[in-house]
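Welcome! Work through these exercises with the sequence and the model side by side, and try each task before reading its solution.

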Amino acid sequence: MSWGLNIRNNNNEVQIDSGFRNFQIVAEGTTTVAANGLTYTFTVSFPPQPNPPLFFYRNPSRGAGGVDGMSALTMSRDINGNYSSIRLRPQDVFGIGGSYVMDWFVAAPSNTASGDAWGLQVFDGAGAKVFDSGARYMRIAEVVTIPANFFTLNNLVANDPDGNGEIVFTHASVSNSYYCVNGLRSFREQGTFIELTSRRISDSQVAVGYTDIETCPVLLSSYTSRPNHIIIAQKTL
């Protein structure tokens with residue numbers, strides 16, 4: 001940039017930039033998730049957000065009563081056009097995993113200043129808030145890339161030999177991790193639409209689940225396949 005403020009850490013990673021709006025933690029909570037099979041969905045509501053938010057969740061391991069991950073279906077808006085809820089589907093096909101408590105938080109660029117009498121506040125050229133030392137922000141700890149065209153039948157045979165509907169990806173170690181569920185979708189041969197889920201196995205492994213949802217009228221020859229990304233984040237204090 002030719003003007004403004006740019007702050008970097010010891011690894012030369014940008015922490016604050018007056019041209020980039022950081023994602024502030026605007027809502028957080030817990031929700032009890034039932035085990036009602038593949039058709040079960042539920043909604044998490046949060047304070048209206050004018051800017052598109054990201055939704056992150058964390059559930060117990062399967063041994064603690066959790067199911068096999070979570071996927072997002074729809075982000076809804078209120079009558080004023082603000083984002084206000086998200087509909088989710090737990091991946092528990094047969095409803096045998098048992099109910100559990102899911103931790104979650106919502107992050108979005110926020111226009112509201114903290115009101116602190118001291119600290120640092122940064123605004124961009126349009127007057128939108130970029131950073132506020134009185135606010136809490138999410139930290140992107142890792143991004144797991146699922147390559148384009150990964151969910152072909154040949155790849156599934158090679159990477160999911162036991163056919164349990166999950167493929168394990170290894171990544172850098174992240175403690176107290178939350179997983180973003182926005183926008184995880186994929187296609188495979190003959191236009192089959194795949195719904196993807198993510199489930200923590202350990203600090204350095206995530207299981208990506210896949211479920212055939214429907215056959216779409218989109219031919220892969222005319223569809224530009226793109227990679228998917230699972231954002232793993234932490235909450236700042």
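**Exercise 1. Is Tyr57 buried or exposed?**

Step 1. Recall the cut-offs: buried means under 20% relative accessible area, exposed over 50%, and partly exposed in between (1.4 Å probe, protein chains only).

Step 2. Tyr57 has 0% relative accessibility, so Tyr57 counts as buried.

Before going on, a word on the model: it is predicted, so local features need pLDDT of at least 70, side-chain atom pairs count only at pLDDT 80 or more, and totals for chains, interfaces and linings use all residues. Residues are numbered from 1 along each chain as its sequence is written, and side-chain values use heavy atoms, with hydrogens and water left out.

**Exercise 2. Find the order of the six strands in the open sheet, and say which stand at the edges**.

Step 1. Strands are DSSP runs (E, at least two residues), numbered from the N terminus. Two of them pair if DSSP finds at least two bridges between them.

Step 2. Reading across the sheet gives 3-8-5-13-17-11, with antiparallel pairing.

Step 3. Strand 3 (24-33) and strand 11 (138-146) each have a single partner strand, so they stand at the edges and one side of each is left without a neighbour in the sheet.

**Exercise 3. Describe the nonpolar cores**.

Step 1. A nonpolar core is a set of buried Ala, Val, Leu, Ile, Met, Phe, Trp, Tyr and Cys residues joined through side-chain atoms within 4.5 Å. In soluble globular proteins, nonpolar side chains tend to be buried together.

Step 2. The largest core has 34 residues, and Phe55, Met70, Leu88, Met102 and Phe151 touch the most other members. Strand 8 supplies the largest share of this core, four residues.

Step 3. A second, separate core has 10 residues, including Phe56, Phe105, Met138 and Ile231.

Step 4. Return to Met70 and list some of its contacts (heavy atoms within 4.5 Å). Leaving out residues up to four places away in sequence, Met70 touches Tyr57, Leu88 and Met102, among others.

**Exercise 4. Where is Asn176, and what is its phi?**

Step 1. Asn176 sits in the loop between strand 12 (166-170) and strand 13 (178-180).

Step 2. Although Asn176 is not a glycine, its phi is positive, about 50°. With 56% relative accessibility, Asn176 counts as exposed.

**Exercise 5. Which elements have the lowest and highest mean pLDDT?**

Step 1. pLDDT is the predictor's confidence in each residue, from 0 to 100.

Step 2. Strand 14 (residues 185-188) has the lowest mean (60), and strand 4 (residues 42-49) the highest (94). Where pLDDT is low, the predicted coordinates should not be read in detail.
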